[in-house]
Amino acid sequence: MPEQQPWDDPTGNGAISGAGAGGAMDLAVNEGTTLERTPGGPEGTGPAGKPRSLWSDAWRDLRRNPVFIVSGLVILFLVIISIWPSLIADQDPLNCDLAKAQEGSQPGHPFGFDGQGCDVYTRTVYGARTSVTVGVLSTLGVSLLGGVLGGLAGFFGRGWDAVLSRITDVFFGIPVVLGGLVFLSVVTSSTVWPVIGFIVLLGWPQIARIARGSVITAKQNDYVQAARALGASNPRMMLRHIMPNAIAPVIVVATIALGTYISLEATLSYLGVGLKPPAVSWGIDISAASQYVRNAPHMLLWPAGALAVTVLAFIMLGDAVRDALDPKLR
């Protein structure tokens with residue numbers, strides 16, 4: 001019987017009992033196969049040991065953040081009642097009875113009545129539709145306009161950058177409330193579109209500056225320089241390499257600004273230049289209730305409380321998103 005050699009496998013399953021070049025290679029293959037079959041890798045990696053992206057890490061952190069969960073639930077509730085207010089309010093917000101003006105809580109009317117005899121609960125519920133619509137559409141418009149202009153200025157620089165910088169300086173010098181009084185005082189429409197257009201007109205410079213700085217930082221990275229050296233076109237570099245790595249600060253600022261735009265709409269409506277009756281808005285109701293605050297404080301309490309909770313929820317959501325997307329906090 002021949003003597004067994006060190007490199008022979010007595011078990012017959014490919015294991016290595018001795019050291020050598022062939023053994024090391026087989027061992028590496030076996031270890032690689034084991035890692036590929038592992039459903040999860042070490043920290044910082046996903047399935048099959050692949051590194052996780054910034055977005056997957058951010059989503060994992062957001063799911064563990066109680067601030068994000070609470071604010072997300074509040075915003076989800078606001079969105080649902082904005083789309084289907086009749087789910088929790090079965091009355092007409094414009095159906096008023098002067099005989100019940102300024103009366104307090106009654107069965108079927110938990111928030112009482114306002115100065116015109118309208119149900120405060122119903123108007124508070126329907127007012128969420130206006131605030132959420134103005135906030136979301138204004139944020140989308142501001143992000144799109146400011147992101148595109150700021151991204152182009154940061155990518156091309158020179159003349160684009162100089163012109164954008166001077167234009168943003170002009171818009172930053174316009175007081176928001178004063179601009180709203182001048183711009184919206186000549187508008188007679190009672191829809192949300194003039195207010196949205198005004199917010200987009202004065203809100204895009206902030207997003208443009210954020211986008212410009214992010215693009216300038218991203219285009220200096222090695223992978224962008226390598227793509228340019230390989231002959232990648234400007235649109236391809238912007239869409240494939242720069243935008244995915246420069247959009248995170250824009251998302252954070254836009255999320256926080258959404259709550260600011262909601263409060264701005266309420267402020268302009270309170271001053272009488274934003275939304276106008278018969279539109280239903282928290283700002284309109286707060287303005288109407290301010291003269292009855294001593295005799296009927298419930299008229300002011302509920303719409304003002306709903307506005308405060310909504311703005312706070314969006315600001316908390318923006319803070320949570322900022323913490324999740326900031327790599328310095330990891």
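How much accessible surface does the protein have, and what share of it belongs to carbon and sulfur atoms? The accessible surface comes to about 18,600 Å², of which 65% belongs to carbon and sulfur atoms, with areas taken from the Shrake-Rupley method with a 1.4 Å probe. This is a predicted model, in which local features need pLDDT of at least 70 and side-chain atom pairs count only at pLDDT 80 or more, while totals for chains, interfaces and linings use all residues. Residues are numbered from 1 along each chain as its sequence is written, and side-chain values use heavy atoms, with hydrogens and water left out.

**Overall build**
- The protein has twelve helices and zero strands, where helices are DSSP runs of H or I with at least four residues and strands are runs of E with at least two.
- Of the 330 residues, 38% count as buried, a term for under 20% relative accessible area, with exposed meaning over 50% and partly exposed in between.
- Among contacts (heavy atoms within 4.5 Å) between residues at least 6 apart in sequence, 66% join residues at least 24 apart.

**Aromatic pairs**
- The structure holds seven aromatic pairs, meaning rings of Phe, Tyr and Trp (its six-membered ring) with centres within 6.5 Å, called stacked when planes are under 30 degrees apart, edge-to-face when over 60 and tilted otherwise.
- Phe-155 and Phe-156 form an edge-to-face pair, because their ring centres lie 5.0 Å apart with planes at 90°; Phe-155 is buried at 7% relative accessible area, whereas Phe-156 is partly exposed at 40%.
- Phe-183 and Phe-198 are stacked, since their ring centres are 5.8 Å apart and their planes at 25°, and this pair links helix α6 (residues 176-184) with helix α7 (residues 193-218).
- Ring pairs also link Phe-111, Tyr-121 and Trp-302 into a cluster.

Technical notes:
Buried means under 20% relative accessible area, exposed over 50%, partly exposed in between (1.4 Å probe, protein chains only).
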